[in-house]
Amino acid sequence: MKYWWIRIFGRFHVFVYILTNGYLMNRWGKIRFLILLHTGRKSKKNRKTPLLYLPLNGGYVVVASYAGNANHPDWFLNLCKNPIAEIIVGSVKKSVDATIITGDMRPDIWSKLVSLYSGYNTYQSRTDREIPLVFLKPIKH
């Protein structure tokens with residue numbers, strides 16, 4: 001697998017983030033991270049994925065870039081199958097409902113994300129798929 005390092009670093013990132021209750025590994029410069037808790041679409045196992053996010057309208061936008069891989073990342077496919085998930089932002093756990101961002105809003109949001117992390121343009125140039133943007137809307141209980 002060409003992108004094995006993503007899985008290795010992801011596991012380390014999640015471990016440290018959760019161990020420190022979100023104190024460490026929650027930022028890298030102006031970039032903020034959350035942990036996505038989701039269910040495997042085939043395995044039904046609980047999964048944890050660290051993701052860069054953009055706060056927007058009381059929710060969180062995450063990017064299914066997979067470093068420009070030709071395939072979508074597993075977490076994205078899992079959310080397509082079951083859009084209800086949880087996130088950990090810092091020390092706070094929230095239930096969320098995931099929707100794919102399309103239409104007129106997408107270019108402006110993509111631009112904001114690229115201003116956070118310019119690597120997204122590189123990732124997009126590596127793949128023929130349009131990299132999905134996902135809005136995680138907190139669910140009020």
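I will start with Lys44, whose side chain reaches the backbone oxygen of Arg41 at 3.1 Å. That is a polar contact, meaning a pair of N or O atoms within 3.5 Å; within protein, one must be able to donate a hydrogen and the other to accept it, and residues adjacent in sequence count only if both atoms are side-chain atoms.

Some housekeeping. This is a predicted model, in which local features need pLDDT of at least 70 and side-chain atom pairs count only at pLDDT 80 or more, while totals for chains, interfaces and linings use all residues. Residues are numbered from 1 along each chain as its sequence is written, and side-chain values use heavy atoms, with hydrogens and water left out.

Back to Lys44. Lys44 sits in the loop between strand 2 and strand 3; helices (H or I, at least four residues) and strands (E, at least two) are DSSP runs, numbered from the N terminus. Lys44 counts as exposed, at 53% relative accessibility. The classes are buried under 20% relative accessible area, exposed over 50%, and partly exposed in between, with a 1.4 Å probe and protein chains only. Not counting residues up to four places away in sequence, Lys44 touches Thr39 and Lys81, where contact means heavy atoms within 4.5 Å. From Lys44 to Val114 is 70 residues in sequence and 33 Å in space, C-alpha to C-alpha.

Next, helix 2. Asn78 lies in this helix, residues 74-81. Is Asn78 buried or exposed? Asn78 is buried, because its relative accessible area is 4%. Its side chain makes polar contacts with two others: the side chain of His38 at 3.1 Å and that of Arg41 at 2.8 Å. Beyond four places in sequence, Asn78 touches His38, Thr39, Gly40, Arg41 and Arg47.

Trp75, Phe76 and Leu79 of helix 2 are buried as well as Asn78. Seen down the helix 2 axis, the buried residues fall within an arc of 160°, so they line one face of the helix; the arc is that of the directions from the helix axis to the C-beta atoms. They pack against strands including strand 2 (31-39), strand 5 (84-89) and strand 6 (92-100).

Now the helix pair. The axes of helix 3 (105-116) and helix 4 (119-126) come within 7 Å and cross at roughly 115°. Axes are lines fitted to C-alpha atoms, for helices over the stretch in contact, and angles run from 0 to 180 degrees between N-to-C directions. Trp110, Leu113 and Val114 of helix 3 meet Tyr120, Asn121 and Gln124 of helix 4.

Which residues touch the most other members of the largest nonpolar core? In this core of 24 residues, they are Val61, Ile109, Leu113, Tyr120 and Leu133. A nonpolar core is a set of buried Ala, Val, Leu, Ile, Met, Phe, Trp, Tyr and Cys residues joined through side-chain atoms within 4.5 Å. Helix 3 gives the most to this core, with five residues. Apart from it lies another core of 17 residues, including Leu36, Val62, Leu79 and Ile87. As for Leu113, its contacts beyond four places in sequence are Leu52, Leu54, Val61, Val63, Tyr120 and Leu133.

Last, two backbone angles. Phi is positive, near 55°, at Asn21, in the loop between helix 1 (4-19) and strand 1 (27-28). Phi of Asn57 is also positive, near 50°. Asn57 lies in the loop between strand 3 (46-56) and strand 4 (59-63) and is exposed, at 71% relative accessible area. Most residues other than glycine have a negative phi.
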